[in-house]
Amino acid sequence: MSDPISLSCSCGKTRWQIAADASGTQLACYCMGCQSYIRHLDRSETYLGPEAGTRLYQTLPRNVSFLAGAESLACLRMTSRGALRWYASCCGTPVANTIGTPALPFAGLVLPWDETRLGPCRNHVNTKSATGRVRERGMAKVGWGVIGRGLAARLSGDTKTPFFANGAPIRTPEILDRAKRRAAGWS
């Protein structure tokens with residue numbers, strides 16, 4: 001990227017950006033967790049694509065900065081051990097996914113399905129949960145990208161993150177109960 005990518009929640013209160021020099025991997029994830037997260041937030045129209053894919057840009061957390069509304073950041077988990085799924089509580093806009101610990105630096109920024117500034121999306125993963133036929137491609141690139149970037153950052157001590165402080169998430173995650181998961185389409 002030559003310029004930072006600025007993103008905003010739907011009401012405009014929370015704004016964040018991806019740094020211009022951020023290395024990362026763009027993908028569409030079709031897993032049940034991503035689908036249910038978007039449905040729980042009632043954002044399917046903007047954030048779920050054909051066959052229920054969620055568009056993500058996986059990068060290091062240090063490449064994410066909040067320009068406004070960081071106090072509106074909230075967190076949920078689909079299960080007690082699931083990914084941390086961050087969103088703007090002011091209007092329910094999805095922001096990012098992280099793992100439950102900052103030990104392996106990782107942020108999967110959730111993009112509107114029609115986002116074009118990062119180019120075409122060529123990686124399609126976890127397609128068994130897609131609502132239609134989608135060819136799986138790029139899983140190795142996606143997986144090794146997460147591990148490689150995360151390990152390099154950890155080894156260099158570059159673990160800056162807007163999502164954690166003192167080893168814990170900056171917000172206590174809400175863990176969705178079975179009824180909420182089912183309502184969001186979790187099977």
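Me: How many bridges pair strand 7 with strand 8, and in what sense?

Reply: Strand 7 and strand 8 (residues 93-98) pair in the antiparallel sense over five bridges. Pairing takes at least two DSSP bridges, and strands are DSSP E runs of at least two residues, numbered from the N terminus. The model is predicted: local features need pLDDT of at least 70, side-chain atom pairs count only at pLDDT 80 or more, and totals for chains, interfaces and linings use all residues. Residues are numbered from 1 along each chain as its sequence is written, and side-chain values use heavy atoms, leaving out hydrogens and water.

Me: Which residue is opposite L84?

Reply: T98 in strand 8. The two strands form a hairpin with four residues between them. G92 in that turn has a positive phi of about 80°.

Me: What about strand 6, how does it pair with strand 7?

Reply: Strand 6 (residues 73-77) is antiparallel to strand 7, with four bridges. C75 has W86 as its bridge partner.

Me: Is strand 7 mostly buried or exposed?

Reply: Five of the five residues in strand 7 (84-88) are buried, meaning under 20% relative accessible area with a 1.4 Å probe, protein chains only. L84, W86 and A88 point one way, R85 and Y87 the other.

Me: Different topic. What is the strand order in the open sheet?

Reply: It is 1-2-5, with antiparallel pairing. Strand 1 (5-8) and strand 5 (64-68) each have a single partner strand, so one side of each lacks a neighbour in the sheet.

Me: And which residue does I18 bridge to?

Reply: V64, in strand 5. Strand 2 (residues 15-18) and strand 5 are joined by four bridges.

Definitions and conventions
Buried means under 20% relative accessible area, exposed over 50%, partly exposed in between (1.4 Å probe, protein chains only).
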